[in-house]
Amino acid sequence: MSLKTGKEYVKSLRKLNLNVYMFGEKIDSPVDHPIIIPSMNAVAATYDLALDPMYEDLMTVRSHITGEKINLFNHVFQSTDDLVKKVKRQRMLGQKTACCFQRCVGQDAINAVYSTSYEIDEKYGTKYLDNITKFIEYIQEEDLVTDGAMTDVKGDRGLSPSAQKDPDMYLRVVERRPDGIVVTGCKAHQTGIVNSHEILVMPTIAMDPEDKDYAVSFAVPADAEGITLIYGRQSCDTRKMEGTEIDVGNSQYGGHEALIIFDRVFVPNNRIFLNGETEFVTILVERFSGHHRPSYACKTGVGDVLIGAAGLAADYNGVAKASHIKDKLIEMTHLNETIYSSALACSYEGYPTPSGAYLIDLMLANVCKQNVTRFPYEMTRLAEDIAGGLMVTQPSEKDLRSPEIGHYVQKYLRGVASVPTENRMRILRLIENLTLGTGAVGYRTESMHGAGSPQAQRIMISRLGNMEAKKELAKKIAKIKE
Ligand code: SF4
Ligand code: FE
């Protein structure tokens, strides 16, 4: 099977029998829902761009399993070149969509599971590498989207999975059968799940031997029996149902998250990649989050759009020549490029795991994501500063189009005389989208919590920072003898 077009991808989604709820009601056809469509468009772009001669180098690669040309999103990294290519792809796709294009969680999940399963097999003689390789081959051949599902709802954060009052706060095995396992639980904040064909589940935190039933990784189709998806609300989401374009800010593209409920879902043996080997959970979690942290180079692509929007707002407001405006745009650029530098650096410093699959440098990946938890916040502050208050107070597109009062909006919301009022309104709404609206989910709060909240990176930075070796360096220079 060859690479799908965006249209073929949408057609393949139509065949899924997803059990999706939004606003308390079951959605009959998610692919036709106005709130969902922009997020589907963003994933469809990852298909179309793979077939675009201008981008195919960045979007495709040869499979190490079959030698066939595949979408890079379904690839197991075989070199530092592959890792670097991923980061560049992330930026390009962020520039094209100005949103979360959702497909990266699956890529980072297959990579983490692949390299970890090799090491589990070595210790226990299990067949997990075989299982995950067959799964990856399947998604490569069919050109499918996989949702990497890690984050459990966690209940009382002070208690381990097996110590929770409600045993389902972390996803777990509730029954073991000769032909497979049955699982129950819930994964939260699941990016792009309604646009995915498959779900690859991983545990979310380090586990002790008594958490055995919670140490489980597997893949199931997104429409498997027992799965319910509850769509997450986003700020300003119902604007997408008003039938206007300007007020949405980014009307073509968007992202989404949802809760995935697993209610006694059956997983056959050949789809299991970890089953009770608790000591490998930490490795799996670290590798997934390690891969996912530089994936946040996506934010530098969105950041490019935000910087451009702020620059246009300055032009349209007639303040582009003011030195403080120029300096704010420089500051935004510096912050954005700093994120990009750390994403590239951890990829260039990548190395092979025993499985042959490449892993990024964990310290630099954590520094990258720590930057992401901060810099987009400063960048949105600067963009709001440059845009002015009208980005949140201007009337609606319907007022602009109104036969009675549209001429007032046209007249009084004009900035520089040569720029149509509508263009100014559009760019201000785009800034609103990225800083406060649906786009802010992906650009702001996801920058904070996606791929791990700030403290998760600080723990890794502390662990990998090698303080004792640094003290020795200082002692030597200061000629301290103890
Ligand atoms: Fe990919 Fe970025 Fe969305 Fe995460 S936030 S899924 S890395 S586009
Ligand atoms: Fe994410």
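**Pockets, a cavity and one lysine**

Hi everyone, let's start with helix 7, which supplies seven residues to the lining of the largest pocket, the most of any contributor. Before going on, this is a predicted model, where local features need pLDDT of at least 70 and side-chain atom pairs count only at pLDDT 80 or more, while totals for chains, interfaces and linings use all residues. Residues are numbered from 1 along each chain as its sequence is written, chains are lettered from A and ligands numbered from 1 in the order in which they are written, and side-chain values use heavy atoms, with hydrogens and water left out.

Some terms first. On a 1 Å grid over the protein atoms alone, a pocket is an open set of points with protein on both sides within 12 Å along at least five of seven lines; a cavity is a set where a 1.4 Å probe fits but cannot get out; lining residues have an atom within 4 Å of a point. Points are joined across faces, edges and corners, and a volume is the space filled by probe spheres set on them. Helices (H or I, at least four residues) and strands (E, at least two) are DSSP runs numbered from the N terminus.

The largest pocket has a volume of about 1,200 Å³. Its lining has 43 residues, and T151, K154, H449, G452 and S453 are the closest to its centre. Strand 11 (258-268), helix 7 (281-295), helix 16 (438-449) and helix 17 (454-464) each give at least two lining residues.

The second largest pocket comes to about 150 Å³, and the residues lining this pocket include K4, Y138, H197 and D223.

What about enclosed spaces? There are three cavities of 30 Å³ or more. The largest cavity has a volume of about 120 Å³. Of its 14 lining residues, C100, C104, H292, Y296 and E446 lie nearest the centre. Helix 5, helix 7 and helix 8 (298-317) each supply at least two residues of that lining.

Let's finish on helix 5 (residues 104-124), where we find K123. Is K123 buried or exposed? K123 is exposed, with a relative accessible area of 53% (exposed is over 50%, buried under 20%, partly exposed in between, with a 1.4 Å probe and protein chains only). Beyond its neighbours within four places in sequence, K123 is in contact (heavy atoms within 4.5 Å) with E279 and F280. The side chains of K123 and E279 are joined by a polar contact of 2.9 Å; that term means a pair of N or O atoms within 3.5 Å, where within protein one must be able to donate a hydrogen and the other to accept it, and residues adjacent in sequence count only if both atoms are side-chain atoms.
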